Amino acid sequence: PHPGRIRKWVELRRKPVSERRVAVLLYGFPPGVGATGTAALLNVPKSLEGLMARLKGTGYHLGDLDPSALDGEDLVAALKSQEDQRLVSRGAAAVLAAGAGAAESAGLRAAAAEVSPSWLKDALTYPPSWGPTDWGPIPFLPEHDVLVGKMEKQWGDLRGYRGLMSTASGNLLVSGLQAGNVFVGVQPLLGIEGDPMRLL
């Protein structure tokens with residue numbers, strides 16, 4: 001692996017637990033049909049309650065979150081409310097203003113940001129100068145824009161992408177709930193309006 005990547009792994013291992021940032025992403029596909037926070041034969045809300053309690057107990061910084069007051073159903077309901085297209089169209093400011101509903105009483109708060117489609121395209125493309133050692137022990141490295149190429153084959157130019165989580169201004173909305181250094185969100189809702197199954 002690339003020396004810079006190894007250094008970052010070592011730094012993360014040495015970083016105090018209270019300073020580490022964690023993202024928990026829930027299943028939510030297909031979007032808009034109540035699948036957020038579901039999993040076959042698993043109780044996702046209860047699992048979230050247990051996970052957050054364990055994170056707090058092992059020293060992760062969860063801000064004002066009180067795991068004993070957390071109701072996983074409230075957490076999932078808050079995430080589902082952020083999928084409302086009227087809210088999405090108004091962007092990050094609207095999500096933040098709407099808050100986290102009943103989950104706020106346990107110490108969770110709404111979190112949201114907007115990214116431009118061109119930023120997404122750049123983020124999914126790695127520098128052409130990278131070699132196989134930058135990606136680990138693989139005998140070849142795919143084209144630097146392989147992900148973008150596959151996505152654009154389905155959805156058209158990403159710089160003009162308008163999808164399920166696009167705001168009225170054309171940015172992509174990323175939203176979820178925050179508790180200190182822990183973010184809980186839903187897997188990115190990409191796809192075409194009216195055809196969410198059109199994936200890679």
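The legends below accompany an overall view and several close-ups of a predicted model.

**Overall view: the elements of the predicted protein.** The protein has eight helices and four strands, which follow one another from the N terminus in the order α-β-α-α-α-α-β-α-α-α-β-β. Of its 200 residues, 38% count as buried, and the accessible surface comes to about 11,500 Å², with 57% of that surface belonging to carbon and sulfur atoms. Among contacts with a separation of 6 or more, 67% are between residues 24 or more positions apart.

**Close-up of helix α3: its buried residues.** In helix α3 (residues 72–81), the buried residues are Gly72, Leu75, Val76, Ala78 and Leu79. Because these residues cover an arc of only 155° around the axis, they lie on the same side of α3. The elements against which the buried residues of α3 pack are the helix α2 (44–57) and the strands β1 (22–26), β3 (172–179) and β4 (182–186).

A side-chain oxygen of Asp71 comes to within 2.8 Å of the backbone nitrogen of Glu73 at the start of α3. Glu49, which belongs to helix α2, is buried, with a relative accessible area of 16%; apart from its neighbours within four places in sequence, Glu49 is in contact with Leu70, Asp71 and Gly72.

The pLDDT of the protein averages 85, and 84% of the residues score at least 70. Among the elements, helix α5 (residues 92–98) has the highest mean pLDDT (97), whereas helix α7 (residues 132–135) has the lowest (54).

Conventions
Residues numbered from 1 in each chain as written. Predicted model: local features only at pLDDT ≥ 70, side-chain atom pairs only at ≥ 80, totals over all residues. Heavy atoms only, no water. Buried < 20%, exposed > 50% of the residue type's maximum accessible area, 1.4 Å probe, protein only. Helix = DSSP H or I, 4+ residues; strand = E, 2+ residues; numbered from the N terminus. Arc of directions from axis to C-beta. Contact = heavy atoms within 4.5 Å. Polar contact = N/O pair within 3.5 Å; in protein donor to acceptor, adjacent residues only side chain to side chain. pLDDT = per-residue confidence, 0-100. Areas by Shrake-Rupley, 256 points an atom, 1.4 Å probe, with all protein chains shown as cover.
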